[in-house]
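Could you take me through how the helices of this model pack together, one question at a time?

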Amino acid sequence: MPELTSKRPEFRNINAFKDLTTYRLPAAGWVSILHRVSGLLMFLLLPLIVWLFDTSVSSEISHERFVSAFAGGLGFVPGWLLKLVVLALMWAYLHHFIAGVRHLLMDATHAVTKQFGKTSAMVTLVLSIGLTLVLGAKLFGLY
């Protein structure tokens with residue numbers, strides 16, 4: 001009779017100090033956390049986004065001021081730091097958009113399987129990082 005009863009897996013809570021350093025979060029978990037982080041980043045940088053848009057399209061003079069801010073800096077903020085902030089903002093937008101499309105696709109097709117979640121999470125990470133690298137190369141003048 002003991003052969004028929006298999007030992008059930010034992011689940012326990014993780015210890016934040018001992019287990020978090022060795023815990024491996026799956027790709028879907030990283031995408032979920034980064035989706036929240038990117039949304040928060042875009043919300044916090046909304047005043048910068050409005051300033052960037054307003055300055056770039058108001059007039060030719062304001063557009064030149066916009067370009068010079070990226071070249072020489074803005075007040076005490078150097079130009080390279082402004083470019084890094086805009087690069088982070090580009091990543092946030094791209095990641096949030098692609099992860100949002102991933103969620104819409106999962107909702108529309110009811111494709112809530114472990115394999116689809118893993119595959120779509122990897123596609124989301126690769127696309128958002130790849131597009132950010134391409135646009136970042138353009139932002140920093142590599143092409």
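What follows is a short exchange about a predicted model.

Colleague: How are helix 2 and helix 3 oriented to each other?
Modeller: The axes of helix 2 (residues 46–57) and helix 3 (residues 60–72) come within 6 Å, and they cross at roughly 130 degrees. Angles over 145 degrees would count as roughly antiparallel and those from 65 to 115 as roughly perpendicular. The two helices, helix 2 and helix 3, are therefore oblique.

Colleague: Which kinds of residue make up the contact of helix 2 with helix 3, and how many are nonpolar?
Modeller: From helix 2 come Trp 51, Leu 52, Thr 55 and Ser 56, which meet Ser 62, His 63, Arg 65, Phe 66, Ala 69 and Phe 70 of helix 3. Among the residues of this contact, one is charged and four are polar, while the nonpolar ones number five.

Colleague: What span does helix 4 reach from its first C-alpha to its last?
Modeller: Helix 4 covers residues 79–109 and so has 31 residues, for which 45 Å is expected at 1.5 Å a residue. Its reach in the model is close to that expectation, at 45 Å.

Colleague: Which residue takes a positive phi just after helix 4?
Modeller: Helix 4 comprises residues 79–109. Just after it, a positive phi of about 55 degrees is taken by His 110.

Conventions. Residues are numbered from 1 along each chain as its sequence is written. This is a predicted model: local features need pLDDT of at least 70, side-chain atom pairs count only at pLDDT 80 or more; totals for chains, interfaces and linings use all residues. Side-chain values use heavy atoms; hydrogens and water are left out. Axes are lines fitted to C-alpha atoms, for helices over the stretch in contact, and angles run from 0 to 180 degrees between N-to-C directions. Helices (H or I, at least four residues) and strands (E, at least two) are DSSP runs, numbered from the N terminus. Angles under 35 degrees count as roughly parallel, over 145 as roughly antiparallel, 65 to 115 as roughly perpendicular and the rest as oblique. Contact means heavy atoms within 4.5 Å. Ala, Val, Leu, Ile, Met, Phe, Trp, Tyr, Cys and Pro count as nonpolar, Asp, Glu, Lys and Arg as charged, and the others, Gly among them, as polar.
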